[in-house]
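Please keep the sequence and the structure in view while reading.

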Amino acid sequence: LSATEGPMNLHRFTLFQEFLLQHEDQPFDSVFLCDVRDVLFQQDPFEALGVASGIGVALEPAHLPIGKCDIHSRWLSVECAKYAEEEVLAVVGERARACAGTTLGTHAAVTRYCQLMRQEARRTVVEVDERQGRLFQGRSTTTDGKRWMLWCNDQGMHNALLWTGRLAQEMDVTLYRAETSKLVTVGTLQYIRMNQDGEVLTDCAEDDPECASGSVAAVVHQYDRVKALTALAQNLYGLPGEEFQ
């Protein structure tokens, strides 16, 4: 690990890119970058979500756009000096929140995406004094305890690249909407439907409690934000004495 690549949430893109570059001669058909702790698989994601070209990006529920979400708003303004200067929030505030925790694509596209994230991290990082560096531990890094760098949030960068059109300039982009796609980001969903087997369903009409028109989601992200899904996951996969949180 190296402090020059940012905190872990940013440094991971360096590790991802390096791994993919090592396999350029025999590329993978598809690559899925995903969180570990809060992701459930209900179907093979590569079969259900397969992207023939470019990259697939997960969107969080549309009822809470970036500009109405306090956390995302901060990531794209007061917690990133460069984005505040560029007034990025004003440009993307009406867009849906894109989640950096589940991203699918071709080998080449995901490699390039990781490179873009690294470049954006370097473009937006600022040097701060030691007091600020220690105040914002988790977002700051230092190599010697004297020179401190303050980094912008990775999901803020992910949204900035997507909604300012820079990703689309580099590759095809598929959007996986939380309400209708096989990749469901459930954290702020207004309603969740499950079948008799306890599987989360997608593409359900709001007035259809049985979700007759829907289907089983392949990937469920942020399940741990929903008590019923957390309990279900523990019953299905938990070890004796283990408590999912």
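The protein chain exposes about 12800 Å², and carbon and sulfur atoms supply 49% of that area. The model is predicted.

**The chain as a whole**

- The secondary structure of the protein chain comprises ten helices and twelve strands.
- With a radius of gyration of 19 Å, close to the 18 Å that the globule rule gives for 245 residues, the protein chain is as compact as a globular protein of that length.
- The C-alpha trace spans about 60 × 45 × 40 Å along the principal axes of the chain.
- Of the 245 residues in the protein chain, 47% are buried.

**The packing of helices α1 and α6**

- Two packed helices are described by the angle between their axes and by the distance between those axes.
- Helix α1 covers residues 8-22 and helix α6 covers residues 107-124; the two pack at an angle of about 145°, and their axes are 9 Å apart.
- The crossing of α1 with α6 is left-handed.
- On the side of α1, the residues that meet α6 are Leu10, Phe13, Thr14, Phe16, Gln17, Leu20 and Leu21.
- On the side of α6, the residues that meet α1 include His107, Val110, Thr111, Tyr113 and Cys114, and also Gln115, Met117, Arg118 and Ala121.
- The residues of this contact between α1 and α6 divide into ten nonpolar, five polar and one charged.

**Thr111, a residue of the helix pair**

- Thr111 belongs to helix α6.
- Is Thr111 buried or exposed? Thr111 has a relative accessible area of 10%, and a residue under 20% counts as buried, so Thr111 is buried.
- When neighbours within four places in sequence are left aside, Thr111 is in contact with Gln17, Leu20 and Leu21, which are listed among the residues of α1 that meet α6.

**Gln26, a residue of a loop**

- Gln26 is located in the loop between α1 and β1, the latter being residues 31-34.
- The relative accessible area of Gln26 is 68%, and the threshold for an exposed residue is over 50%, so Gln26 is exposed.
- Gln26 and Gly105 are separated by 79 residues in sequence, and their C-alpha atoms are 16 Å apart in space.

Terms used
Residues are numbered from 1 along each chain as its sequence is written. This is a predicted model: local features need pLDDT of at least 70, side-chain atom pairs count only at pLDDT 80 or more; totals for chains, interfaces and linings use all residues. Side-chain values use heavy atoms; hydrogens and water are left out. Axes are lines fitted to C-alpha atoms, for helices over the stretch in contact, and angles run from 0 to 180 degrees between N-to-C directions. Helices (H or I, at least four residues) and strands (E, at least two) are DSSP runs, numbered from the N terminus. A crossing is left-handed if the near helix is turned anticlockwise from the far one by less than a right angle, and right-handed if clockwise. Contact means heavy atoms within 4.5 Å. Ala, Val, Leu, Ile, Met, Phe, Trp, Tyr, Cys and Pro count as nonpolar, Asp, Glu, Lys and Arg as charged, and the others, Gly among them, as polar. The radius of gyration is taken over C-alpha atoms; the globule rule is 2.2 Å times the number of residues to the power 0.38. Buried means under 20% relative accessible area, exposed over 50%, partly exposed in between (1.4 Å probe, protein chains only). Accessible areas come from the Shrake-Rupley method with a 1.4 Å probe; for residues, only the protein chains shown count as cover.
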